[in-house]
Amino acid sequence: MYNLLKGKRGIITGALDENSIAWKVAEKAHEEGATFVLTNAPIAMRMGEINVLAQKTGSQIIPADATNVDELTNLFTQAQEILGGKIDFVLHSIGMSVNIRKKIPYTESNYDYFMKGIDVSALSLHKMLAVAKKMDAIAEGGSVVALTYMAAQRTYPFYTDMADIKAMLESIARSFGYHYGIEKRVRINTVSQSPTKTTAGTGIKGFGDFYDFANSIAPLGNADAESCADYCVTLFSDLTRMVTMQNLFHDGGYSSTGVSNEVMERLGIESKSE
Ligand SMILES: NC(=O)c1ccc[n+]([C@@H]2O[C@H](COP(=O)([O-])OP(=O)(O)OC[C@H]3O[C@@H](n4cnc5c(N)ncnc54)[C@H](O)[C@@H]3O)[C@@H](O)[C@H]2O)c1
């Protein structure tokens, strides 16, 4: 361990179970010396698994629905009280689409569900940042990371409305990153992660096949949740203090690869280069 986050205070959203990307981030942040609070929607805590993580990392849990400004205000107030000062890092690891859950095709999206998805998965970042800024709850030079997916740039038909929602999330990170950067040097970035076997990930139709496809395109293979957590930790650390307003691909090289020999061979197309 490198003590990269020694003395830093954080808020980590979205740890549902041990497969969650946020779960791994919490474990890594703890190993790197951070103290933090965990938060999730009250309904997600019924399963109680988050208590195991809290115990393991010596953290307290503050329930908050990320669409509710009052609950977010309470989150930032309590987090500062518990941790004894302003917040140095925030992980936004929140995603949910009712259209995906109900397997509704993109062109037939239900608009109430669409609005819900926007509120939970994109506007929640704006709300968190707006609450934090109003309260001046994030320390100068603090770092906020939100998780996203490449469907914001390229079409993946099965990702339906979440593609548009992730595009909005990434835009909010840039726009807010400007204002918060000028005022407090607070950094805001999105990490665009490989397909990962979590509750949110595997809920997407055809996820298994797509996971294998992405894995055979990426020169390094799919990035797993643990390596994503390592990357997030570097973004929370002072080593990346000049990185802001970026969408950063963490995908084993997938986003820069047109096609791989492995996929060509699977399709029965002979590669003449070898
Ligand atoms: N799994 C993947 O393939 C993948 C790939 C790229 C990006 N991501 C993104 O990573 C993030 C984390 O997802 P994950 O894959 O770890 O799955 P996950 O299901 O473990 O985490 C999603 C979390 O969002 C929380 N959440 C939902 N509604 C909420 C609300 N109203 N308020 C507060 N929290 C709420 C859930 O309780 C859950 O903890 C999401 O933004 C997701 O889109 C996932």
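This is a selection-by-selection tour of the chain, from the whole fold to single residues.

The model is predicted: local features need pLDDT of at least 70, side-chain atom pairs count only at pLDDT 80 or more, and totals for chains, interfaces and linings use all residues. Residue numbers start from 1 along each chain as its sequence is written.

**Whole chain**

Select the whole chain and show the cartoon. There are 10 helices and 7 strands; helices (H or I, at least four residues) and strands (E, at least two) are DSSP runs, numbered from the N terminus. The C-alpha trace spans about 60 × 45 × 40 Å along its principal axes. The radius of gyration is 19 Å, which agrees with the value near 19 Å for a compact globule of 274 residues. That radius is taken over C-alpha atoms, and the globule rule is 2.2 Å times the number of residues to the power 0.38.

Colour by burial next. Of the 274 residues, 43% count as buried. A residue is buried if 20 or more other C-beta atoms lie within 10 Å of its own, exposed if 12 or fewer, and partly exposed in between, with C-beta atoms placed from the backbone. Among contacts with a separation of 6 or more, 74% join residues 24 or more positions apart; a contact means C-beta atoms, placed from the backbone, within 7 Å.

**Helix H1**

Stay with H1, where 9 of the 11 residues are buried. Among them are Ile21, Trp23, Lys24, Lys28 and His30. Just after H1, Gly33 takes a positive phi of about 95°.

**Largest nonpolar core**

A nonpolar core is a set of buried Ala, Val, Leu, Ile, Met, Phe, Trp, Tyr and Cys residues joined through C-beta atoms within 7 Å. The largest has 68 residues, of which Ile12, Ala15, Val25, Ala26, Ala29 and Cys232 touch the most other members. Helix H6 (residues 160-184) gives the most to this core, with 8 residues.

Centre on Ala15. Leaving out residues up to four places away in sequence, Ala15 touches Ser20, Ala22, Trp23, Ala26, Leu38, Asn40, Ile50 and Leu53.

**Helix H5**

Select residues 111-135. H5 has a kink of about 50° centred on Leu123, where the bend is the angle between axes fitted to the seven residues ending there and the seven starting there. Buried residues of H5 include Gly117, Ser121, Leu125 and Met128. The buried residues of this helix pack against helix H3 (69-83), strand E4 (87-92), helix H4 (98-101), E5 and H6.

**Two positive phi angles**

Asp136 sits in the loop between H5 and E5. Phi there is near 50°, a positive value in a residue other than glycine. Asp136 counts as exposed because 12 C-beta neighbours lie inside 10 Å.

Finish at Met245, in the loop between helix H9 (225-236) and strand E7 (247-250). Met245 has a positive phi of about 65° although it is not a glycine. With 17 other C-beta atoms within 10 Å, Met245 is partly exposed.

Terms used
Contact = placed C-beta atoms within 7 Å.
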